[in-house]
Amino acid sequence: MSVIHPFHPERARREQWVLSICAVAVVLLVGLAFLPPITLYSGHVGHMLAVHIMLELFSTIVSLLVVIMALNMTQRSGDDIANTLVYGFIVVAGADLIHALTYDGMPALLTESSTQKAIFFWLIGRCFGLFAMVLLAARARLPGSPWMWLALGLLTMTTMFLIGTFVLDQLPVTFVPGIGVTPFKAFVEYGLCAGYLAVAAWLFLQYRMDPEARSLYLAAACFIMGLGELGFTSYVAPSDFINLFSHLFKIAAFGFVYLATFFIGWREPYQLLVQSERQLRDREFELDTLLSNIPVGVFRLDCELRYRYINPAHEVSLGGRHTLVVGRHIDDIMPVQFLHLLRPRIIEALAGSRVEFDYDYTDEKGTEIYCAAMLVPDLNVDGNIEGVVIIVSDTTVREVARRQLLESWREVSELNAALDAHAIVAVTDARGVITRVNDKFCSISQYSRSELIGKTHRLIKSGHHSKSVFEGLWKKISRGEVWNGELCNRAKDGSLYWVYTTIMPFLGPDGAPLQYIAIRADITGRKHAEQEAQRLAFHDELTGLPNRRLMRDRLKHAIAFAARELRYGALLLLDLDNFKEVNDTRGHAQGDELLREVSNRLLRGLRQSDTVARLGGDEFVLLLSDLGSDLETASVHAGDIGEKIRENLARPYDLNGEAINTSTSIGVVLFLMDDSDPDELLKQADMALYSAKAAGRNRLSFFDPALQAEITSRALMLRDLRLGIERDELRLFYQPIVNSQHCVLGVEALVRWQHPEHGLVPPLSFIPLAEQTQLIQPIGLWVLQTACAQLARWAFQPDCAQWTVAVNVSERQFNDPEFVSIVERTIDQSGADARLLRLELTESMLHDDLNKTLYKMNALRRRGVEFSLDDFGTGYSSLSYLKKLPLNHLKIDKSFVDDVLSDPNDSAIVRTILALARNLDLNVIAEGVETDAQMDFLVSCGCAAFQGYLFSRPVPVEQLTLNCASNTAGASPSLS
């Protein structure tokens, strides 16, 4: 953005003059372009040499003057161009001088003079001139002293002289006699022309931004020099008119260089001196004006203690006039009561010391006046003392205010002392940063003053209060209002203490708080007493559990939560079976200890969101929340938790070295709606508890009779299954897998449960239950270990040695991080051939983490274990899994085989699976084959392996060996 400067007549005249000369130069150059070639001094070479020397001497002298002025010029901060001028123009002066002395026809200077030699030094001068102009335009500051750059310039010129004298024949030719300048020389001159014109534009733009005469003159010099360079691009002989005339452009350019350096070297320091004098006079006037108007007495005495200056303020205080005071002795003017104070101090000031003192007096009206005086030695230009300057100011208002402030601080100090004795006090700034604390604050917080100052109250924050408490506090005090309330803080050792706090804001002139003072009273003892009273009111004294009153309140909140979130809760009522016998036979002390142990077990077995309470006697209540959004899920969760608690409480108790066994009956009621009444729920839970006791005790009963049967059956089944695993009631059955000739290729291992009361339990009755709990993992491990052990035994039976065994793997098993190591360890311990073990996976197991699945399968494949994909086509897996996973077999689900003859869709699906398997080089096993017609269809479609009731039901290993003994001789060793 350009800067607009005010109109200045002298500047306008200067610009008009410079632009006129530049315009004349342009016109002359255009005129030269239309003139025919003219040769001057034909036959008078000596005349031409004389003219040439005169022309070059002008530029040489100007260059030397520039150097001299630069060596002595005044340097302004940020405008140090002396080094640039010295270095650039000492080289230019030397080059131009040698150029004139080595011109063709001049005496030899070490070597023969020639036009080629003269042109070399001409170009050196113009290049260094352009270099200096670029540095001036860039306002570059060369480091060091001007004398150093003078030496560097002379060294540079000496180097150029040696090159032009002894190495000239190795440089490009610049002139050919009879032909004129060479294209190389013309090219260099055009380049110099462009460079000078570019720098001229640069400097002119600087002048437009800051109208300084130097920039304008240097811009004109570069512009004219650039135009003149055009005249040196086309002459044929050195005596051509255009060659000599172009030297005039150079002279004009150096004239502007001289003006620029003269302006800053001589004229500018003079102008600065004039300006400084003017500013000094202005400052003296301003100082006199200032002293005449300030409300402070100022007067000056000479060494004889006569007045030399007095300002109006002090004149008024003396009751005299200026003309009557100046020149008179202080003994004639100064009141007597001041003389005895001033005289000794004036002597000190005249000795060179600065003196300050305060004094007071009573005026004629009886008012006490306070003053402050300062005496300063008055030095002349040589530094000698020629008097003393005395400044007297009336400090009455300040002194009165200071005394009032001292009185106020005395009162504040008394208040602080009272607060320190009875209260905990802290002061913070507007941001809450602590600036002051008293000793009681340090004592109760256990932090030292240095640890507290500069910190905020977050240092003692206990976490007991919610964020909203502090947000409300800050909103109130930031409005300038007082806040009070109870806060719990944490001491340095981690202990908690309670304080009643009042926070008062101190407001500034704009009404905004400048700082806050917090006054606290220690109420820790009272809060502990309140908490103890509350504990006694709401907790059981024997066990410390919530009592009926607190449990009822929490039940109300649980009912409201369930209604708001639409998630079921449950109330479990527990009663110890035959607790009266423990009291009667072992005493109430042992009974109380048993109740405490029961409460401890209940607390350890609950979630954080649940509540356990003691209603009285041996009755306990469990309040469960967030059990699920549907009735079935909530019932299952409540039943599972209740059964775990019942089993946990049934474990023997060690009471002071005596073992006691007891059982627990539990009644359960679910709730969801907010109209549920706590007392009614307790009645329903009590009814369910009565049902549990009536059914034989040591069991769990739901209030809903319809659901009770299912929950009870499931709970009994789960309990029996745990016992069955411990009692080794599981059995492994095997179903053959055959080829099209009904020869056995392998078997699938299928688990059964031999229940002592219900007989053989099919897997559909207990496997889903095991998968919902953690029991599926021990069951799956048992199946794997049993199957591998059977493989190892079959290895010594020739008829069965090549049979494969397929083992189903549950999702919980496969997701176990130790699954691979468990399978490998089982193979190693059993001694089975890993190549005959096939693990069957379902499609649902492949969805979670494909990378982990690939890692586990590849790890086992390296051991030789094969994999089958069970129930293929019934899930939603991407077919890309078939390409990525290291599978060996696909199993067509029984649901497709059942209707393969009657349903075109099922037959099409079967054909598609077989075609897909062939293309992916996978083997296929058809499950659930029950008729010969199904077998024939599958064979016609290319299926090679089959499994189903047509060949055999799942049977124990003894029966399997007996049934298949006649077929194994023709069995293929594998499906592949």
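This is a predicted model: local features need pLDDT of at least 70, side-chain atom pairs count only at pLDDT 80 or more; totals for chains, interfaces and linings use all residues.
The chain has 976 residues, and 46% of them are buried. If you take the contacts with a separation of 6 or more, 62% of them come from residues 24 or more positions apart.

**Helix pair α27 and α28**

- Two packed helices are described by the angle between their axes and the distance between the axes.
- Start with α27 (residues 819–830) and α28 (residues 850–861): their axes sit 10 Å apart and the packing angle is about 15°.
- That angle makes α27 roughly parallel to α28, since anything under 35 degrees counts as such.
- The crossing of α27 past α28 is right-handed.
- On the α27 side, the contact uses F819, V820, V823 and E824, and these meet K856, A859 and L860 of α28.
- Sorted by class, that contact holds five nonpolar and two charged residues, with no polar ones.

**Helix pair α20 and α21**

- Next up are α20 (residues 588–604) and α21 (residues 631–649), whose axes cross at roughly 145° and come within 10 Å.
- Here too the crossing is right-handed, with α20 passing α21.
- The residues that meet are V598, R601 and L602 from α20 and I645, N648 and L649 from α21.
- By class, the α20 and α21 contact splits into four nonpolar residues, one polar and one charged.

**Salt bridges**

- How many salt bridges does a search of the whole structure find? The search turns up 30.
- One of them pairs R300 with D378, and the closest N and O atoms are 2.2 Å apart.
- This pair links distant parts of the chain, with R300 in strand β3 (residues 297–302) and D378 in strand β6 (residues 368–379), 78 residues apart.
- Is D378 buried or exposed? D378 is buried because its relative accessible area is 14%, and the cut-off for buried is under 20%.
- Another salt bridge joins K492 and E451, with 2.8 Å between the closest N and O atoms.
- K492 is in the loop between β10 (483–490) and β11 (496–507), while E451 is in helix α15 (residues 449–452), so this bridge ties together parts that are 41 residues apart in sequence.
- Both ends are partly exposed: K492 has 44% relative accessibility, and E451 has 27%.
- E565 and R564 also form a salt bridge through their side chains, at 3.7 Å from N to O.
- Within that pair, R564 counts as exposed at 58% relative accessibility, whereas E565 is partly exposed with a relative accessible area of 41%.
- There's also a network: salt bridges that share partners join E748, E840, K891 and E927.

**Positive phi angles**

- Which residue in the loop between β3 and β4 (307–310) is worth a look? That would be L305, where phi is near 65°, a positive value in a residue other than glycine.
- L305 has 11% relative accessibility, so L305 counts as buried.
- D626 also has a positive phi without being glycine, with a value near 55°.
- You'll find D626 in the loop between β15 (619–624) and α21.
- With 35% relative accessibility, D626 counts as partly exposed.

- K580 belongs to helix α19 (residues 579–586).
- The relative accessible area of K580 is 61%, so K580 is exposed.
- What separates K580 and G617 in sequence and in space? The two are 37 residues apart in sequence and 9.5 Å apart in space, going from C-alpha to C-alpha.

Notes: Residues are numbered from 1 along each chain as its sequence is written. Side-chain values use heavy atoms; hydrogens and water are left out. Axes are lines fitted to C-alpha atoms, for helices over the stretch in contact, and angles run from 0 to 180 degrees between N-to-C directions. Helices (H or I, at least four residues) and strands (E, at least two) are DSSP runs, numbered from the N terminus. Angles under 35 degrees count as roughly parallel, over 145 as roughly antiparallel, 65 to 115 as roughly perpendicular and the rest as oblique. A crossing is left-handed if the near helix is turned anticlockwise from the far one by less than a right angle, and right-handed if clockwise. Contact means heavy atoms within 4.5 Å. Ala, Val, Leu, Ile, Met, Phe, Trp, Tyr, Cys and Pro count as nonpolar, Asp, Glu, Lys and Arg as charged, and the others, Gly among them, as polar. A salt bridge is a side-chain nitrogen of Lys or Arg within 4 Å of a carboxyl oxygen of Asp or Glu. Buried means under 20% relative accessible area, exposed over 50%, partly exposed in between (1.4 Å probe, protein chains only).
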